[in-house]
Every structure is written in structure tokens, then in C-alpha cells.
Amino acid sequence: VAGVFKNRWGSSYGLGDLNWEGVTINAASEADIIAIHRGRVVYADWFSSSGLLLIIDHGDGYMSLYAHNQELYRDVGEWVNGGDIIASVGNTGGQQDFGLYFEIRHNGESENPASWCLAGN
């Protein structure tokens, strides 16, 4: 999704010594969110303060997470290709602003997702 970074990966969360494990991209309400790479949807449902959350397993220990969605367009078990529309931007999970929270995980550890983002500074 195109937008502007609200936070940076690894920066302070503002609560003690917690740091962001992903990026939040402020974006237009209901804008299309696209999959970054081919994979299989392993989670597509409400998840606590993440709101509507979609997780894709890309294999080799890589997963991408897309949170605060307005609507999810894919179900668990579905295969997606890079560039497929998978959800729409929302503010679910208690967010005031519309945007996408996006994480990349490799073997359970967060990695900087900036190179996968279309967002500007």
C-alpha cells in the first residue's frame, strides 16, 4: 500500500524498552493492500489489538503480517501471488488513524520490512 511511515522498524515504542517490530504506514481508508510475495495464508481473522490480521507464510521461515485491515479478501489455506490484493486499509484494533501495520518475520524474528514497502518518508 502506498502511504507515509508513521513509525520505523526498531525505533522505540514509547513504552519502556519496547521497540517496533514492524512499520505502520498511514494510508487512505479502504486502499488496496497487496501481497509482497507468493505464499499461503495461515491466519485471517481478528486478533486483539491488531484488529483484522492476515498472515502469509512464504516458505523458508519467512512470513509477512498485515494488521488493522478494514476487510480481508483471502481465507486461511488460500495461495496468493506477489501483487495480489489481499485486504483493504482500515483502523481496526483500536487505531485512530487509517493505516497498515506490516511485519516481516524470518524464523520467528522480526526483520526490517522497509525494502518491501512502497511508503515514503
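The model is a predicted one, and its protein chain contains 10 strands and zero helices.

**Overall fold and surface**

- Read along the sequence, the protein chain follows the pattern β-β-β-β-β-β-β-β-β-β, and of its 121 residues 39% count as buried.
- Among contacts between residues at least 6 apart in sequence, 56% join residues that are at least 24 apart.
- The accessible surface of the protein chain comes to about 6500 Å², and carbon and sulfur atoms account for 48% of that surface.
- Ile-34, Tyr-73 and Ile-85 together make a nonpolar surface patch of about 230 Å²; of these residues, Ile-85 is found in strand S8, which covers residues 85-89, and with 36% relative accessibility Ile-85 counts as partly exposed.

- Because Tyr-66 lies in strand S6 (residues 62-72) and Phe-102 in strand S9 (residues 99-106), the pair ties together parts that are 36 residues apart in sequence.
- Both Tyr-66 and Phe-102 are buried.

**Arg-74 and its salt bridges**

- Arg-74 has its place in the loop between S6 and strand S7 (79-80), and at 17% relative accessibility Arg-74 counts as buried, because the limit for that class is under 20%.
- The count of salt bridges comes to three, and Arg-74, Glu-78 and Asp-84 are linked in a network of them.
- In the bridge between Arg-74 and Glu-78, the closest N and O atoms are 3.5 Å apart, and Glu-78 is partly exposed, with a relative accessible area of 28%.
- In the bridge between Arg-74 and Asp-84, the closest N and O atoms are 3.9 Å apart; since Arg-74 lies in the loop between S6 and S7 and Asp-84 in the loop between S7 and S8, the pair ties together parts that are 10 residues apart in sequence.
- The side chain of Arg-74 also reaches the backbone oxygen of Ile-85 at 3.4 Å, and the C-alpha atoms of Arg-74 and Ile-85, residues 11 apart in sequence, are 8.7 Å apart in space.
- Leaving aside residues up to four places away in sequence, Arg-74 touches Val-41, Ala-44, Leu-54, Trp-79, Val-80, Asp-84, Ile-85 and Ile-86.

**A further salt bridge**

- Arg-105 forms a salt bridge with Glu-103, in which the closest N and O atoms are 2.8 Å apart, and both Arg-105 and Glu-103 are buried.

**The surroundings of His-68**

- His-68 is placed in strand S6 and is buried, with a relative accessible area of 9%.
- Not counting residues up to four places away in sequence, His-68 touches a set of residues that includes Ser-49, Ser-50, Gly-51 and Leu-52, and also Val-89, Gly-90, Asn-91, Thr-92 and Gly-93.
- Gln-95, Gly-99 and Tyr-101 are also among the residues that His-68 touches.

How values were computed: Residues numbered from 1 in each chain as written. Predicted model: local features only at pLDDT ≥ 70, side-chain atom pairs only at ≥ 80, totals over all residues. Heavy atoms only, no water. Patch = residues over 30% accessible without salt bridge, like charges linked within 9 Å, V, L, I, M, F, W, Y side chains within 5 Å. Areas by Shrake-Rupley, 256 points an atom, 1.4 Å probe, with all protein chains shown as cover. Salt bridge = Lys/Arg side-chain N within 4 Å of Asp/Glu carboxyl O. Helix = DSSP H or I, 4+ residues; strand = E, 2+ residues; numbered from the N terminus. Buried < 20%, exposed > 50% of the residue type's maximum accessible area, 1.4 Å probe, protein only. Contact = heavy atoms within 4.5 Å. Polar contact = N/O pair within 3.5 Å; in protein donor to acceptor, adjacent residues only side chain to side chain.
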